[in-house]
Every structure is written in structure tokens, then in C-alpha cells.
Amino acid sequence: APGNPIMAVVKADAYGHGAETVAATLSEAGVSNLAVARFSEAIALREAGITTPITGMEGIYTVDDLKQAVASNIHVVLHDPIQIETLLAAPPIVGQTKIWLKLETGMNRLGLLPHEASHYTALIRNIAWCRELGYMTHMASADEPDKTSTQLQLRRFNEFIHTAMPRESHTSDLLSTANSACICAWPEAHNGWVRPGIMLY
């Protein structure tokens with residue numbers, strides 16, 4: 001995926017390899033974003049001196065975590081209506097961070113259904129602490145190229161994007177669909193941030 005921005009996944013202690021060491025090495029190599037699962041993992045990297053932007057994939061559920069995310073340049077993935085409603089009700093917060101909405105396109109684990117994502121898009125864009133709003137999804141079976149489910153997920157994602165975003169904002173900085181398997185086998189998924197995880201190790 002030449003030219004695509006890279007969000008390197010260092011969750012679960014960098015898959016057991018040592019998150020602080022791996023994050024420092026990747027940052028020195030020019031990776032422009034690091035992804036973790038839990039918010040506590042992002043805070044631990046900040047406390048270890050990692051300054052590269054970090055994305056928390058499981059999101060946050062409290063206003064205090066939102067304040068810390070804004071203060072620490074931690075980008076936040078939102079995937080649950082309850083989570084989003086809690087944050088939308090937060091009192092004014094000084095500062096901004098990038099927000100991602102995670103769409104449920106067929107993984108059937110975490111994510112907003114298209115109508116939910118459509119509902120929250122306008123609300124989040126108008127919140128002062130949202131610097132910019134991006135969209136991502138996760139492919140369930142991209143490591144099985146013969147299955148049609150990945151094509152279906154990509155189609156669902158792209159249909160939503162064409163509805164939710166003006167054509168001029170379909171930029172690589174606001175989209176992400178490609179995990180390790182997609183990077184290797186599905187070039188049509190290289191439409192934004194690529195998220196190499198297990199392939200790094």
C-alpha cells in the first residue's frame with residue numbers, strides 16, 4: 001500500500017513484543033499513528049514518552065477519559081451509541097482530538113449500523129472537541145480471499161461514505177478499512193489509513 005498513511009497496531013503489549021520498545025521503533029521509522037485497544041494502553045505509552053499520535057480502538061466511555069484524550073493527543077474510536085451519547089452530553093472541553101466512527105459492515109462484533117452512524121455524524125461534527133471526523137471498519141474474513149464477504153463489507157462501507165461525506169472530503173486521512181490481511185490481499189481496501197497489526201511481528 002505505497003503512499004497510504006500507516007496506523008501501526010501495538011495492542012496487547014505489541015502482541016507480546018513490548019509496546020514501549022516497538023512503539024518507539026515504529027515512530028523512529030516514520031509511522032504516523034499507533035493503534036492500541038484499551039485507553040489505558042495509550043496512556044501507558046504517553047507516560048513512557050511516546051509522542052506519536054495514538055488511536056484508541058475500543059474508545060472511551062467517560063468524560064474524564066475524553067478530557068485526557070484531548071490533552072494527550074489520543075484519537076478516539078466510537079462504536080457504541082451508549083458511549084457516544086455519554087460523550088455528547090459532556091460539558092464543554094478545552095481542546096480537540098480526532099474522532100473515528102467505526103461502522104458495522106459484517107464483522108458482527110463492534111460498530112455502528114449505517115443509520116446509527118448517519119445519525120451521529122452531524123452531531124459529532126458540531127461538537128467543539130471534534131477536530132475532524134473519520135470512518136473505519138474491520139474486515140472479518142479478509143484472510144480468506146475466495147470469500148465474497150470482504151467485497152460485501154467494502155461495498156457497504158463505500159455506500160455509506162458516498163452518502164455521509166461530500167465527495168471533496170473523501171480523503172485518505174478520514175478513511176480506514178485495511179487490516180493486515182486487506183493490505184496483503186485486497187488492494188481495493190487501500191482507500192485510506194492502513195492498519196498493519198500481526199503482519200508487523
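How many nonpolar, polar and charged residues are in the lining of the largest pocket? The lining has nine nonpolar, four polar and five charged residues. The structure shown is a predicted model.

Stay with that pocket for a moment. Its volume is about 410 Å³. In total, 18 residues line the pocket. Nearest its centre lie Val-9, Lys-11, Met-57, Arg-109 and His-138. Two elements give two or more residues to this lining: helix H1 (11-16) and helix H8 (180-185).

The largest nonpolar core holds 47 residues. Within this core, Leu-34, Ile-124, Trp-129 and Tyr-135 touch the most other members. Take Ile-124 as an example. Leaving aside residues up to four places away in sequence, Ile-124 touches Leu-78, Ile-84, Leu-88, Ile-99, Leu-101, Cys-130 and Leu-133. There is also a second, separate core, made of nine residues. Among them are Ala-142, Ala-178, Cys-182 and Val-194.

The model has two aromatic pairs. One of these joins Tyr-135 and Phe-160. The ring centres lie 5.3 Å apart, with 65 degrees between the planes. That pair counts as edge-to-face because the angle is over 60 degrees. It links distant parts of the chain, as the two residues are 25 residues apart. Tyr-135 sits in strand S6 (residues 130-136), and Phe-160 sits in helix H7 (residues 149-164). Both Tyr-135 and Phe-160 are buried.

Methods
Residues numbered from 1 in each chain as written. Predicted model: local features only at pLDDT ≥ 70, side-chain atom pairs only at ≥ 80, totals over all residues. Heavy atoms only, no water. 1 Å grid on protein atoms, 1.4 Å probe; cavity = no way out; pocket = protein on both sides within 12 Å on 5 of 7 lines; lining within 4 Å. Points joined across faces, edges and corners; volume = space filled by probe spheres on them. Helix = DSSP H or I, 4+ residues; strand = E, 2+ residues; numbered from the N terminus. Nonpolar A, V, L, I, M, F, W, Y, C, P; charged D, E, K, R; others polar. Phe/Tyr/Trp six-rings, centres within 6.5 Å; stacked < 30°, edge-to-face > 60°. Buried < 20%, exposed > 50% of the residue type's maximum accessible area, 1.4 Å probe, protein only. Core = buried A, V, L, I, M, F, W, Y, C linked by side-chain atoms within 4.5 Å. Contact = heavy atoms within 4.5 Å.
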